[in-house]
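Q: I'm new to reading protein models. Can you walk me through a few features?

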Amino acid sequence: MEKGEEGMISQCVSILSQIVQFDEPYRKLDSLMMLRHALLAALRRRSSTESSEGAAATSSMGNSLKPGGGGRRGHKRSLSKIVLCADDLIPIFSLSIIRAGVPNMHAELDFVESFLDERMSFGEAAYCLTTVRVALEAIELLPTDR
């Protein structure tokens, strides 16, 4: 794992570890949402770095990769529009959950879901809860060395 990736995981672990400190379900949910937002911000920073490094490499190649210069016509990479799907989030959430060592993570999620206002059962909050729940299920499916 690269240094930048390790820093991203450490930040996720730090945020996730705080979930046990809160007594209110909305504060617990906020920490899960912060986890997702921190991950997105880290990936934007990484993408920005890779894009600037890639621009230096392609400038020596002439016009072949520039918009309108052959190759992928009109292609522009948008750093502000990074879309993360569950396939991207589940492995990172799973690793963060394992490293954070939050005891009874299922119970933490059950608590949030039990007392969550029905209006919050859609949208970003629900997506975040479901993604963490699936990450927990993925951890349970991992083979053990025992």
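**An aromatic pair and a core**

A: Let's start with Phe-115, which is exposed, with a relative accessible area of 53%. Exposed means over 50%, buried under 20%, and partly exposed in between (1.4 Å probe, protein chains only). This is a predicted model: local features need pLDDT of at least 70, side-chain atom pairs count only at pLDDT 80 or more, and totals for chains, interfaces and linings use all residues. Residues are numbered from 1 along each chain as its sequence is written, and side-chain values use heavy atoms, leaving out hydrogens and water.

Q: How do I read a pair of aromatic rings?

A: You describe such a pair by the distance of the centres and the angle of the planes. Rings of Phe, Tyr and Trp (its six-membered ring) pair if their centres lie within 6.5 Å; planes under 30 degrees apart are stacked, over 60 edge-to-face, and the rest tilted. The count here is 1 aromatic pair. Phe-111 and Phe-115 have ring centres 5.2 Å apart and planes at 55°, so the pair is tilted. Both sit in helix H4 (residues 105–115), 4 residues apart, about one turn of the helix. Helices are DSSP runs (H or I, at least four residues), numbered from the N terminus. Phe-111 is partly exposed, at 28% relative accessible area.

Q: And what about a nonpolar core?

A: In soluble globular proteins, nonpolar side chains tend to be buried together. A core is a set of buried Ala, Val, Leu, Ile, Met, Phe, Trp, Tyr and Cys residues joined through side-chain atoms within 4.5 Å. The largest one here has 32 residues, and Leu-16, Leu-32, Leu-39 and Met-105 have the most contacts inside it. Helix H2 gives the most to this core, with 8 residues.

Key: Helices (H or I, at least four residues) and strands (E, at least two) are DSSP runs, numbered from the N terminus.
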